[in-house]
Amino acid sequence: PPSPDVPRSATQDNGVPDSNYYKRQQIYASHHGYTGPIDGVLGTNSWAGTQRGLADYGYTGPADGVPGPNTYAAMQRLASHYGYTGPIDGDLGPNSYKGLATYFNTL
């Protein structure tokens with residue numbers, strides 16, 4: 001799917017998710033079946049697309065669009081490929097978000 005022109009997320013630097021971070025997460029989700037708007041508002045369909053993509057990072061739960069510890073742990077495994085070195089505990093914090101944003105900013 002085509003990626004809209006979304007500015008780089010500052011989350012990569014400060015670990016605080018911003019609207020561009022959420023838009024870029026939706027771009028990630030769009031590579032995995034999400035067809036909704038890239039508006040930075042994560043809903044059930046945005047999360048379902050994210051969960052489908054996270055199957056590559058150990059997510060084995062349903063793509064039900066309801067994030068929880070298993071979704072977040074898979075996001076941390078994804079982030080671990082982009083600089084995150086903390087625990088895979090399903091609790092997203094600033095360092096998890098920095099790693100995720102490092103990847104999402106490439107989309």
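Predicted model: local features only at pLDDT ≥ 70, side-chain atom pairs only at ≥ 80, totals over all residues.
Buried or exposed, then, for N105? It comes out at 16% relative accessibility, and the cut-off for buried is under 20%, so N105 counts as buried.

What does N105 touch, once we skip residues up to four places away in sequence? That would be R8, S9, Q12 and R24. With R24 there's also a polar contact, side chain to side chain, at 3.4 Å.

R24 turns up again when we look at F104. Leaving out its neighbours within four places in sequence, F104 is in contact with R24, plus Y21, Q25, Y28 and L78.

Now, F104 takes us into the largest nonpolar core, which has 16 residues. F104 is among those with the most contacts inside that core, along with Y21, Y28, L54, M75, L78 and L100.

The crossing is left-handed. On the α4 side, the contact is made by M75, Q76, L78 and A79, and on the α5 side by S96, G99, L100, Y103 and our friend F104. How do the residues of that contact divide? You get 6 nonpolar, 3 polar and no charged.

Definitions and conventions:
Residues numbered from 1 in each chain as written. Heavy atoms only, no water. Core = buried A, V, L, I, M, F, W, Y, C linked by side-chain atoms within 4.5 Å. Buried < 20%, exposed > 50% of the residue type's maximum accessible area, 1.4 Å probe, protein only. Contact = heavy atoms within 4.5 Å. Left-handed = near helix turned anticlockwise from the far one by under 90°. Helix = DSSP H or I, 4+ residues; strand = E, 2+ residues; numbered from the N terminus. Nonpolar A, V, L, I, M, F, W, Y, C, P; charged D, E, K, R; others polar. Polar contact = N/O pair within 3.5 Å; in protein donor to acceptor, adjacent residues only side chain to side chain.
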